[in-house]
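Reader: Hey, can you walk me through this structure? I'd like to start with the pockets.

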Amino acid sequence: MENNRQNMADIEREIPVSEPERQYYFIGRAKEALRKMEEAAGRQLSFCVTTFGCQMNARDSEKLTGILEQIGYIEEPDEEEADFVIYNTCTVRENANQRVYGRLGQLGRIKKKNPHMMIALCGCMMQEPEVVEKLKKSYRFIDLIFGTHNIYKFAELLATRMESGRMVIDIWKDTDKIVEDLPSERKYSFKSGVNIMFGCNNFCSYCIVPYVRGRERSREPRAIIREIERLVADGVTEVMLLGQNVNSYGKTLEEPMTFAQLLQEIEKIDGLRRIRFMTSHPKDLSDELIEVMGQSGKICKHLHLPVQSGSTRILDKMNRRYTKEHYLELVRKIRKAVPDISLTTDIIVGFPGETEDDFQETLDVVRQVRYDSAFTFIYSKRTGTPAAAMEDQVPEDVVKDRFNRLLDEVQKISAEICAVHEGSVQTVLVEMKNDHDHSLMTGRMSNNLLVHFPGEESLIGKYVDVRLDECRGFYYIGEITENNR
Ligand code: 5AD
Ligand code: SF4
C-alpha cells in the first residue's frame with residue numbers, strides 16, 4: 001500500500017482529481033519544494049504543531065503531523081526553534097482566541113530572525129470571518145490559513161504556499177465530505193483517538209461549535225472498523241472514539257446504525273482491549289447504549305456526560321432538550337447497569353439569566369451525582385450564537401463568586417470519591433514516564449484516573465496491576481503488584 005502511494009505521489013503525473021490520491025500527489029510536490037528550501041538553508045527543516053482545545057483537535061494535529069513527516073520535515077517540540085509552526089486553534093471560549101493572538105505576536109518576532117520560517121493557522125477559530133479579517137490585516141507574516149472542513153487538503157495548500165511564496169488562505173463554510181486513508185501520526189504507540197463523526201447539529205444556544213465544525217456527518221462503520229483493525233495490528237490496544245455527540249452516531253448514514261451497534265462491532269476486534277468515547281449528549285443517551293456498556297468487557301468504566309446546568313429553566317434556554325430530572329434519571333440507570341462507573345461532566349456558570357436559585361440547582365446536581373471530576377467553565381459570549389443576544393448577562397463578580405463556590409464543591413467531592421479506591425488493586429495501561437519524577441511511571445485506569453508508581457520505562461504500553469496506596473486528590477501514588485499481563 002505504502003509503495004503504491006509513493007507511486008501516486010510521482011510529481012510528473014497529471015494532478016489526480018479524486019481523494020486521497022490528490023493529496024498524496026501534493027505530498028510529492030511539497031517534498032520537492034522542501035528539498036529546495038533545505039538546500040537553500042543548508043540544513044534539515046523542522047516543524048512544530050501546537051494544539052489548542054479538545055481531543056478532536058488533538059487528533060487533527062496527528063493528521064497534520066503525519067503529512068508533515070511524509071513531506072520530510074523533522075519534528076521539533078520547541079515551537080520557538082521550529083521552521084514551520086502550525087497552530088491548530090480552538091474558539092469554544094473567547095480566552096482561547098486571546099491566547100492565540102498573544103502567542104502569534106511572539107512568533108512574528110521570531111520569524112523576523114529566521115528567513116526559512118513559515119507559520120500556518122487552522123482549526124475552529126479560522127471558521128470565524130472576523131478572525132481571518134484581523135489576521136489578514138494585522139498579522140501579515142502568516143503564510144497559510146485554512147479551516148476545519150478542508151484540513152484534508154493540508155498537503156495541497158502547503159505545496160501551493162511553498163511553490164508560490166504567497167500567503168494562502170482557504171476557508172470553506174461547510175462540507176459533507178469525509179476523506180479516508182490520509183497519512184496520520186500517533187502521539188502514543190499504544191492508544192489512539194478515532195473520529196467516528198464530525199460536526200454537530202445540536203445548536204446549544206451558547207455554543208459556537210455547530211457554526212465552526214459544520215453539520216453532523218458520521219463515518220461509515222466499515223471505515224472506522226478498518227482503521228481500528230489497522231491500529232491494533234500496529235500495537236494499539238486502547239481507542240477513544242471521538243465526536244461532538246457520539247450518541248447520535250449513524251443517523252445520517254445511508255444504512256443507519258446506532259452508536260451502541262457500532263460499539264458492539266468494535267468490541268469484536270481481537271487484540272483491542274479498551275474502548276473509550278466522548279462526548280455524550282444526555283438527550284441522546286439510549287437505554288440500548290447503557291445496556292451495551294453494562295455487558296461490555298472492553299468499554300471503559302467512564303462516562304463523560306456534560307450537564308452544563310442543573311436548572312431545567314436554564315437548560316431550556318440553553319436548548320439542551322433535557323430536564324434536571326431526566327438527567328438524574330439517566331445517571332441512576334447508568335449506575336445501576338455499571339455500578340463502579342466513573343462519571344465526569346462539563347458545567348457552565350453564568351449563562352445569561354442564571355439566578356442564584358438556578359445556580360443552587362446546579363450545586364444540587366453536583367451533590368446528588370457526585371462526579372469523579374467536573375470541568376467547570378465561566379460562560380463566554382460567542383458572537384453569532386443565540387445566547388450572545390440574550391438579555392440579563394450575569395455580572396462578572398457574581399459569576400466569579402458562583403464559579404469559586406462550584407469549584408470548591410466539585411473538588412471536595414472528587415477528593416472524597418478518589419479516597420474510596422485507596423488500597424484497591426487496579427489494572428492500568430502504562431502511558432508514560434512521570435513528568436516531575438522520572439523514577440515514576442504513569443498509568444491510566446479503566447475509570448480514567450491516573451496512578452503514579454515506581455517502574456521501568458519498558459512498561460510503557462503494557463497493562464499492569466497496581467495497588468493504589470495513597471490518594472492525592474485526583475490521582476494516586478501506587479505500587480505494582482504484578483507486571484506480566
Ligand atoms: N462558554 C463557556 N463554556 C462553553 N462551552 C461550550 N461553549 C461555551 C461557552 N460559550 C463548554 C461546554 C462544553 C465544553 C466543551 O465547553 O461545557 O461541554
Ligand atoms: Fe456545542 Fe452542544 Fe454541539 Fe456540544 S452538543 S458541540 S455543547 S452545540
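Author: On a 1 Å grid over the protein atoms alone, a pocket is an open set of points where a 1.4 Å probe fits, with protein on both sides within 12 Å along at least five of seven lines, and lining residues have an atom within 4 Å of a point. Points are joined across faces, edges and corners, and a volume is the space filled by probe spheres set on them. Also, this is a predicted model: local features need pLDDT of at least 70, side-chain atom pairs count only at pLDDT 80 or more, and totals for chains, interfaces and linings use all residues. Residues are numbered from 1 along each chain, chains are lettered from A and ligands numbered from 1 as written, and side-chain values use heavy atoms, without hydrogens and water.

Reader: OK, what volume does the second largest pocket have?

Author: About 1000 Å³. Its lining has 40 residues, with Arg 59, Asp 181, Leu 182, Pro 183 and Ser 184 nearest the centre.

Reader: And which helix gives the most to that lining?

Author: Helix 3, with six residues. Helices here are DSSP runs of H or I with at least four residues, strands are E runs of at least two, and both are numbered from the N terminus.

Reader: Switching topic: which residues surround ligand 1?

Author: Counting residues with a heavy atom within 4 Å, the shell includes Val 92, Arg 93, Asp 346 and Phe 377. Strand 13 (342-349) and strand 14 (373-378) each supply at least two of the shell residues.

Reader: Where does Gln 308 come in?

Author: A polar side-chain atom of Gln 308 is 2.6 Å from an oxygen of ligand 1. On the backbone side, Tyr 206 has an N or O atom 3.0 Å from a nitrogen of ligand 1, and a polar backbone atom of Ser 380 is 2.8 Å from a nitrogen of ligand 1. Ligand 1 taken alone exposes 400 Å², and the protein buries 85% of that, with areas from the Shrake-Rupley method and a 1.4 Å probe.

Reader: What's around ligand 2?

Author: Among them are Cys 200, Cys 204, Cys 207 and Tyr 206.

Reader: What does UniProt say about residues 186-416?

Author: The unreviewed entry annotates them as "domain: Radical SAM core"; such annotations may be inferred rather than shown by experiment, and positions follow the numbering used here. That stretch is 39% helix and 16% strand.

Definitions and conventions. A polar contact is a pair of N or O atoms within 3.5 Å; within protein, one must be able to donate a hydrogen and the other to accept it, and residues adjacent in sequence count only if both atoms are side-chain atoms.
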